[in-house]
Amino acid sequence: MAIETRNEAEPRRGQFLHGLFPSTDTHDQQSIANRVRMTVDALPVLLLANVVVAGGLAFVRRPDVGSAAFWALILPLVLILPAGAALVLFGRRRRAGPGQGERGAIGSPVRMHGIISLLGLLQGAGWSLWMLGLRSDATDPHWPVAIVAHGALLIITTLIFAPVPTAALALWLTLSIASVGLFGQFAVLAMLLPLLAVATVALGGISQRSYLASRRWLVNAAAALKASLLLSEFEESGRGWFWETDDRGLISYISPQIAVALGVPVEQLLGTPMTGLVLHETGEARGGTGDGERTLGFHLSTRLAFSEIAVRAASGHDVRWWSLSGRPAFDEFGTFLGFRGSGTDLTEMRRSEAEVKRLASYDSLTGLPNRILMRRTLDESMRDIAGRPKRAALFMLDLDRFKMVNDTLGHPVGDSLLRQVAERLQRIVHNDGQVGRLGGDEFNVVLPGIVEKNRLATLAAAIIQEVSKPYLIEGSHVTIGASVGIAIAPEDGATADALVRNADLALYAAKADGKGVHRFYEPEMHASAKDRRLLEMDLRKVMNDSGLHLVYQPVVNADSEAIVCFEALVRWNHPTRGPISPAEFIPVAEEIGLIPQIGEWVLRTACMEAANWPDSVRIAVNISPIQFANPSLPGIVMSALAASQLPPHRLELEITEGVFLNDDAATDAMFARLKAIGVRFALDDFGTGYSSLGYLKKAPFNKIKIDQSFVRGAAVPGNRNAAIIRAIVALAESLEMETTAEGAETPDELALIRSLGCSHIQGYIFGKPMLSDEARARVAGSTKLAMPGLLVTRDPRVAVLRSATIHGAFGPAQGRVRNLSRSGAMIESSTAFRPGDTVDLDFGEGRRVSAVVRWSDEERFGVAFDEPIEIEQFNAQRQLRAAG
């Protein structure tokens with residue numbers, strides 16, 4: 001507006017010159033560009049008019065080809081047509097150029113302004129040649145044609161060159177001079193000069209006023225555009241929107257996003273009542289706002305301003321809430337024009353309030369009902385409205401190996417895994433019941449009216465199978481399992497508390513039986529649960545009471561049979577229970593988070609003991625995936641080596657494939673840090689886990705340990721284990737790694753292992769795990785071990801872990817089957833059995849086998865079946881590595 005004021009304040013004298021020769025400021029440049037564009041766009045009409053006029057004059061004059069009259073008609077066309085066509089083509093080409101603004105669209109506006117003025121001069125000169133024959137035209141019968149041609153051309157050229165005043169003046173000046181020459185009278189010149197002066201002043205003044213008007217328009221348009229952009233940005237940001245009504249309350253403007261939210265076009269909303277956009281809400285449905293269609297209609301009808309009234313949108317889809325404000329608008333005469341106002345979306349705020357209420361009953365991570373809502377659901381499933389008991393079943397479900405995933409891959413991956421588990425559970429249970437999350441990795445399922453054990457067992461097996469399928473999370477393949485405990489009301493509990501407690505006991509039994517299984521509640525489980533709780537309490541105190549100790553199993557060179565290494569294995573002698581198997585207390589230690597503490601103690605104790613051995617004997621220590629994921633592990637290793645003064649190359653860390661669950665930069669960095677210390681690495685239990693060759697390529701392993709499940713039975717004719725061992729040995733040799741075959745027990749297996757090229761052997765054939773004193777005595781003299789007496793190759797055994805009830809002379813006892821073959825089994829039990837005892841093994845589900853105890857060793861004993869069995873019929877739930 002400052003430009004507009006300055007120009008209006010200037011004296012009017014001489015302003016017509018500014019109209020003829022405008023300034024080069026931004027606003028005039030824009031106006032000049034527009035004028036040039038209009039003139040260039042109209043030039044084709046001018047060129048056509050020249051051709052028509054030349055044709056009309058040729059019709060009147062009929063000149064001979066080649067005569068002076070002929071060239072007088074042709075020469076102007078030769079000059080004007082190419083010049084005009086070139087100007088048109090140039091202008092259009094520059095206008096179509098990419099990335100050009102207004103100045104670059106048709107060239108420099110001032111330069112193009114001058115070129116068009118020259119074209120006007122050229123047009124006047126060419127036309128002057130045509131006017132030379134005007135006198136002869138008057139004697140021709142067709143002289144009106146010539147008059148019309150000249151008059152039409154004068155009108156057309158004046159209109160086309162009017163946007164560029166200097167071009168029009170150049171045309172008129174040239175024609176005036178030609179007129180004086182044509183008529184030969186200076187009186188004509190005396191008359192034309194004042195007229196040209198008047199035309200120049202008038203044309204310049206008109207042009208100047210046009211420039212001023214253009215400036216005002218550009219300034220106002222820029223201000224309006226800026227205001228429009230600000231409003232548009234405000235609307236698009238979602239922070240608010242605008243509306244307007246006429247004097248009848250009908251919508252005359254509304255922001256487009258509101259039309260989108262309502263799912264109707266903007267055009268359909270225009271002309272409709274403003275009150276039609278909202279619903280009338282009363283009572284609780286209004287959320288306590290007290291405002292709705294009635295309130296909005298009241299304000300509109302009384303023409304009173306209102307502010308931030310909450311209304312519910314009349315949307316047929318999602319529920320939306322708005323806050324509306326408005327003021328009446330009047331013109332300068334006080335006439336009511338309507339309402340103008342704004343609105344904001346309250347939907348998210350309302351949803352947040354609803355979410356707070358929802359979180360009180362639903363799990364925020366999975367969206368499943370939480371413990372409170374599931375307890376309410378269980379209560380309703382066990383009692384009808386009248387309080388009479390109803391039948392129902394309860395599943396308590398716990399994820400196996402979830403803690404390891406959380407510790408190794410991180411909590412974000414764990415959260416994503418829980419969400420996928422929740423989706424799978426809902427898909428399997430479907431409409432049969434309600435799935436809920438109790439917290440952590442614990443879920444439950446309430447099944448109203450479903451109490452048939454066969455149906456419940458089928459559903460539980462389907463849940464375990466579905467949950468145990470691999471997951472793909474952030475590029476990592478994750479595999480977990482599930483254990484399920486089942487209790488049925490009212491048989492297993494007449495109240496919700498009793499049913500939950502007993503379902504928990506069944507879940508503990510399922511986890512104790514090797515996980516990945518389901519178990520129904522049995523009254524005997526109370527004693528087992530109590531025993532497990534006592535075991536947990538004792539295990540928490542065991543480190544302070546020095547209840548753990550290490551035993552050492554020798555690893556020998558396959559050729560020389562000399563001891564080259566001992567593997568450190570942890571054992572627990574309970575003060576009242578006696579020896580407790582690692583298969584029993586290690587899972588408990590994992591669940592209660594004692595593995596890092598126990599692992600560090602094993603590492604330090606083993607290094608201190610190995611310092612007493614010859615330099616040629618190494619110590620092997622198992623490192624769990626949880627320990628490996630701990631950033632402080634290298635520091636712990638260096639501390640143990642420093643305290644024991646053990647050279648790093650004598651420490652061998654045995655790592656399972658579980659550390660590669662998180663195959664990322666952190667895993668590689670941990671390997672690099674430990675390798676820099678100088679310790680050795682052994683890949684334990686190769687072939688029983690993921691068995692990916694990718695990590696063998698980059699992980700710095702010195703040795704591959706072949707799991708005993710491949711060694712045992714390898715010497716039996718027709719067994720494929722020998723081919724697998726041969727392939728592993730070939731792979732290790734190509735990677736310049738050693739191989740240790742675990743679990744060798746018979747001369748046949750020993751001979752086979754040697755023939756297949758294994759470099760080291762570990763197994764009972766060379767020695768059971770022994771105490772530190774015995775191990776020290778073994779290596780103090782000759783490190784070569786003598787093999788025991790002749791052993792025979794037994795039937796192939798399968799490493800399993802499942803529970804069984806042992807019926808003997810002193811009543812039933814609980815045991816765990818660890819190795820199973822057609823002719824016998826190895827069983828762990830806290831109850832002592834002697835060779836020769838007759839027992840019956842109850843595997844559940846009607847499978848009962850009679851057997852005789854053949855040997856007994858601490859907490860383990862071996863039995864021979866009275867009749868051979870088919871292992872497949874026992875459908876072992878899960879194969880595991882047998883304890884060393």
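Visitor: How much of the chain is buried?
Guide: In this predicted model, buried residues account for 47% of the 884 residues in the chain.

Visitor: And how many helices and strands are there?
Guide: The chain has 31 helices and 28 strands. Among contacts between residues at least 6 apart in sequence, 64% join residues at least 24 apart.

Visitor: Which residues form a nonpolar patch on the surface?
Guide: Leu48, Val51 and Val52 form such a patch, and together they have about 270 Å² of accessible area. Val51 is placed in helix α3, which covers residues 26–61, and this residue counts as partly exposed because its relative accessibility is 39%.

Visitor: Switching to helix packing, how do α6 and α8 cross?
Guide: The axes of helix α6 (residues 109–131) and helix α8 (residues 143–161) come within 12 Å and cross at roughly 175°. Angles over 145 degrees count as roughly antiparallel, and α6 and α8 are therefore roughly antiparallel to each other. On the α6 side the contact is made by Ile116, Leu119, Gly120, Gln123, Trp127, Trp130 and Met131, while α8 contributes His150, Leu153, Leu154, Thr157 and Phe161.

Visitor: And α16 with α17, at what angle do they cross?
Guide: Helix α16 (residues 402–409) and helix α17 (residues 411–429) have axes that cross at roughly 140° and come within 6 Å, so α16 and α17 are oblique to each other.

Visitor: Which residues meet there?
Guide: From α16, Phe402, Val405, Asn406 and Leu409 take part, and they meet His411, Val413, Gly414, Leu417 and Leu418 in α17.

Visitor: OK, salt bridges now. How many are there in the whole structure?
Guide: A search of the whole structure finds 27 salt bridges. As background, side chains of opposite charge can pair when their charged atoms come close.

Visitor: What does Arg351 pair with?
Guide: The side chain of Arg351 meets that of Glu348 in a salt bridge, at 3.3 Å from N to O. Both residues lie in helix α14 (residues 347–359), where Arg351 and Glu348 are three residues apart, about one turn of the helix.

Visitor: Are those two buried or exposed?
Guide: Arg351 counts as partly exposed because its relative accessibility is 38%, whereas Glu348, at 53% relative accessibility, counts as exposed.

Visitor: Which residue does Asp379 bridge to?
Guide: Asp379 forms a salt bridge with Arg375, and the closest N and O atoms are 3.4 Å apart. Because Asp379 and Arg375 are four residues apart in helix α15 (residues 371–382), about one helical turn separates them. Asp379 is partly exposed, with a relative accessible area of 36%, and Arg375 also counts as partly exposed, at 32% relative accessibility.

Visitor: What about Glu561, where is its partner?
Guide: Glu561 forms a salt bridge with Arg754, with the closest N and O atoms 2.3 Å apart. Glu561 lies in the loop between β14 (548–557) and β15 (563–574), and Arg754 lies in helix α29 (residues 747–755), so the pair ties together parts that are 193 residues apart in sequence. Glu561 is buried, with a relative accessible area of 12%, whereas Arg754 counts as partly exposed at 32% relative accessibility.

Visitor: And which residues are linked in a network of salt bridges?
Guide: That network links Arg618, Glu652, Arg680, Lys703 and Glu738.

Visitor: Last one, what about Arg312?
Guide: Arg312 is found in strand β4 (residues 306–313) and is partly exposed, with a relative accessible area of 24%. The C-alpha atoms of Arg312 and Leu279 are separated by 5.6 Å, although these residues are 33 residues apart along the chain.

Key:
Residues are numbered from 1 along each chain as its sequence is written. This is a predicted model: local features need pLDDT of at least 70, side-chain atom pairs count only at pLDDT 80 or more; totals for chains, interfaces and linings use all residues. Side-chain values use heavy atoms; hydrogens and water are left out. Patches are made of residues with over 30% relative accessible area and no salt bridge: like charges are joined within 9 Å, nonpolar side chains (Val, Leu, Ile, Met, Phe, Trp, Tyr) within 5 Å. Accessible areas come from the Shrake-Rupley method with a 1.4 Å probe; for residues, only the protein chains shown count as cover. A salt bridge is a side-chain nitrogen of Lys or Arg within 4 Å of a carboxyl oxygen of Asp or Glu. Helices (H or I, at least four residues) and strands (E, at least two) are DSSP runs, numbered from the N terminus. Buried means under 20% relative accessible area, exposed over 50%, partly exposed in between (1.4 Å probe, protein chains only). Axes are lines fitted to C-alpha atoms, for helices over the stretch in contact, and angles run from 0 to 180 degrees between N-to-C directions. Angles under 35 degrees count as roughly parallel, over 145 as roughly antiparallel, 65 to 115 as roughly perpendicular and the rest as oblique. Contact means heavy atoms within 4.5 Å.
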